[in-house]
Amino acid sequence: AMLDLMNNARLGVAAQGVGIAEAAVVEAIRYSRQRKQFGMPIGDQPLMKSLLSRMVVSLEGSRALLYRVSALVDRNTAIQAALARETMLSEAERAELGRGFERNQTQIRLFTPLAKYLATESCDSITRDAIQVHGGSGFMAESTVGKLHLDGIITTIYEGTSEIQVSFALKEIGKGALGIVFDELRKELGSLGQATLHPFAEKVMAGIERIEESSVALIRDFGYALLSAQAVAEMVIAVIVATELLRQADISPDRTELAARWVHTKMLELETHARRVIDGDAGRIERCEKIVRLWSE
């Protein structure tokens, strides 16, 4: 009962993070169009365009993962209602629904901590960037973006800190959740209708294979697996969100650039994480301890 309560609350906090982040993006874009520097709105300057677009991509990535897990929750609620209502279902039909329920539930248990982690960490980063857009005025306590940043920080803490979320995700991965998740992702990537999206889908497919390769390194040592939990979570999030954004772009081509930006950026980050996981070992834990001792003795 406690875990059900916590998981529901974590999705609520993820939604809160998305909401706060969206408010910050709206404020940042509005200000960037009004504030002029060097004879032009700051939003027209290349570095500011890059910053604002990064904020939008981060926001939409968080929303995509939250929507994906929420859809699975809704689907399982519908399956439970059907099993309780439809008394004329055959045993084979009930068994099929039951299998679908369990597959969805496996994904929900993994996606919930990942959604909370991504949405709240992105919220913290996006609201911080919104302050940067506003400059000194954004740093003032009474500014809108300053208040949003303070509201956003706590979302990374309550209902389980970000470190707790990636540890929970690692636990579900250890139970074999990735097999079901990657099976679904591969089906969706393979069924994209827009030919322009196929090269991006291939990059995500390669990313999935890279995660599978790097996962072998975690089996050797449980402590090293825990140390690598955040890197693993970041890699898994990258391919899940990429798939979801590509599905959106397949339906609404105007979102293609958004999906492409996520794929280009996150697949590079995924490769870095994978190489670090594969090349590293449990000795990193001792090295971390030595660094901390420099300041604690």
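What you have open is a predicted model, where local features need pLDDT of at least 70, side-chain atom pairs count only at pLDDT 80 or more, and totals for chains, interfaces and linings use all residues. Residues are numbered from 1 along each chain as its sequence is written, and side-chain values use heavy atoms, with hydrogens and water left out.

**Stop one: the core.** Select Met-55, Leu-110, Leu-114, Val-133, Val-239 and Leu-246, which touch the most other members of the 81-residue largest nonpolar core. Such a core is a set of buried Ala, Val, Leu, Ile, Met, Phe, Trp, Tyr and Cys residues joined through side-chain atoms within 4.5 Å; buried means under 20% relative accessible area (1.4 Å probe, protein chains only). Now colour helix 10 (residues 229-251), which gives the most to this core, with 15 residues. Helices here are DSSP runs (H or I, at least four residues), numbered from the N terminus.

**Stop two: helices 7 and 8.** Pick residues 177-190 for helix 7 and look at how helix 8 packs on it: the angle is about 165 degrees, with the axes 10 Å apart. Axes are lines fitted to C-alpha atoms over the stretch in contact, and angles run from 0 to 180 degrees between N-to-C directions. So helix 7 is roughly antiparallel to helix 8 (over 145 degrees).

**Stop three: helices 8 and 11.** Show residues 198-219 (helix 8) and 256-279 (helix 11), which pack at about 20 degrees with axes 9 Å apart. That makes helix 8 roughly parallel to helix 11 (under 35 degrees).

Methods. Buried < 20%, exposed > 50% of the residue type's maximum accessible area, 1.4 Å probe, protein only. Helix = DSSP H or I, 4+ residues; strand = E, 2+ residues; numbered from the N terminus. Parallel < 35°, antiparallel > 145°, perpendicular 65-115°, else oblique.
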